[in-house]
Amino acid sequence: MENYKILRTIGIGSSGCVRLAECKQPPNKKNEIQLVCVKEVSLGNMSKEERRSAVREAKVLKHLPPHPNIVGYRSALIENGSLYIVLEYAESGDLDAYLARRNGALVPEAQIWKWTLHLLLGIHHLHTHKILHRDIKTKNIFLTRTNTLQLGDFGIARSLATTLDSAHTAIGTPFYLSPEICEGRAYSWKSDVWSLGCVIYELATLHHAFYAANLSDLIQTIIRGRYPSISSTYTRELRGMIGSMLQTRAELRPSVEELMGVGGVKRAFGEML
Ligand code: ADP
Ligand code: MG
């Protein structure tokens with residue numbers, strides 16, 4: 001890690017500590033200070049299997065072609081029993097913190113469509129490369145200086161959040177678990193669509209779609225698939241799209257490609273070009 005100067009800790013996640021750092025040798029010609037995010041995953045406390053999967057997932061990250069809606073990957077290395085993953089720094093933090101800062105002020109619909117497009121493009125990129133995110137939630141979505149959303153924290157969390165068993169051990173409550181996972185069935189592409197539906201619901205209400213004070217009540221709530229309705233200040237189109245993603249039967253949920261065809265998403269795409 002001698003190429004990086006650690007500045008401060010910016011977050012503690014389920015798998016380790018995340019720090020802001022400065023590259024000592026800026027690779028760009030302008031000689032600007034380059035800020036990065038260093039994620040430390042301590043391999044010592046892990047089982048052999050967990051360790052193998054952490055390293056494997058760092059490799060997945062490394063081989064995934066860069067995409068504007070995926071947190072940029074710089075490098076990964078193992079040093080002193082820890083895996084360090086160096087990522088581009090998302091200056092405006094995560095979406096969970098952003099929504100908390102709004103203090104109850106609803107997000108304008110045009111903004112929700114733009115961000116939905118960003119998330120769909122990011123997930124599409126992952127799915128095209130045969131990667132399931134498996135842990136889409138507002139805490140794992142990052143906001144850049146240019147108001148672009150990027151998906152982050154995938155791969156590492158991949159093996160941790162797939163089963164209900166591991167959900168028990170993860171930090172925090174798994175509000176974004178899909179009904180099929182709650183029922184012990186396999187994770188699929190449509191499970192990522194469910195979690196994305198939970199995120200867009202949260203953009204439109206500032207609340208979790210499925211909430212309970214303890215895990216067993218939460219699982220019951222998710223399996224029932226009922227959530228408080230979304231304010232009618234939002235169009236029927238937006239509310240309908242969210243509803244379609246939050247159908248308990250996975251096969252009824254739209255695919256990422258189908259969601260790209262929703263009017264509001266197409267309009268946001270047209271504005272981006
Ligand atoms: P974990 O697997 O530990 O949950 P995350 O990648 O989600 O790891 O990081 C935990 C926290 O660290 C995030 O919620 C966020 O606050 C911060 N963080 C992580 N990556 C970045 C990044 N690239 N830019 C800015 N903040 C980040
Ligand atoms: Mg995380």
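At what angle do helix 6 and helix 8 pack, and how far apart are their axes? The legends below, which describe a predicted model, take up this pair before turning to other views.

**View 1. Packing of helix 6 against helix 8 (residues 236–245).** The two helices pack at an angle of about 145°, with their axes 8 Å apart, and helix 6 passes helix 8 in a left-handed crossing. Helix 6 contributes Val193, Trp194, Leu196, Gly197, Ile200, Tyr201 and Ala204 to the contact, while helix 8 contributes Leu238, Ile242 and Met245. Sorted by class, the residues of this contact comprise nine nonpolar and one polar, with no charged residues.

**View 2. Packing of helix 3 (residues 109–128) against helix 6 (residues 189–205).** Here the axes lie 11 Å apart and the packing angle is about 160°, which means that helix 3 runs roughly antiparallel to helix 6, since angles over 145 degrees are counted in that class. Helix 3 passes helix 6 in a right-handed crossing. From helix 3 the contact draws on Ile112, Trp115, Thr116, Leu119, Ile123 and His127, and from helix 6 on Trp189, Asp192, Leu196, Val199, Ile200, Leu203 and Ala204. These residues divide into ten nonpolar, two polar and one charged.

**View 3. Pairing of strand 3 (residues 35–42) with strand 5 (residues 82–88).** These two strands pair in the antiparallel sense over seven bridges. Within this pairing, Val41 has Leu83 of strand 5 as its bridge partner.

**View 4. Helix 4 (residues 164–169) and the confidence of the prediction.** The protein chain has a mean pLDDT of 88, and 90% of its residues reach 70 or more. Confidence in the chain is lowest in helix 4, at a mean of 47, and highest in helix 8, at 98. Over residues 156–163 the pLDDT is below 50, and this stretch has 20 contacts in the model beyond near neighbours in sequence. Residues 165–171 likewise stay under 50 in pLDDT, and for them the model has ten contacts beyond four places in sequence. For the complex, the predictor gives an ipTM of 0.94 and a pTM of 0.90.

Definitions and conventions:
Residues are numbered from 1 along each chain as its sequence is written. Chains are lettered from A and ligands numbered from 1 in the order in which they are written. This is a predicted model: local features need pLDDT of at least 70, side-chain atom pairs count only at pLDDT 80 or more; totals for chains, interfaces and linings use all residues. Axes are lines fitted to C-alpha atoms, for helices over the stretch in contact, and angles run from 0 to 180 degrees between N-to-C directions. Helices (H or I, at least four residues) and strands (E, at least two) are DSSP runs, numbered from the N terminus. Angles under 35 degrees count as roughly parallel, over 145 as roughly antiparallel, 65 to 115 as roughly perpendicular and the rest as oblique. A crossing is left-handed if the near helix is turned anticlockwise from the far one by less than a right angle, and right-handed if clockwise. Two residues are in contact if their C-beta atoms, placed from the backbone, lie within 7 Å. Ala, Val, Leu, Ile, Met, Phe, Trp, Tyr, Cys and Pro count as nonpolar, Asp, Glu, Lys and Arg as charged, and the others, Gly among them, as polar. Two strands pair if DSSP finds at least two bridges between them. pLDDT is the predictor's confidence in each residue, from 0 to 100.
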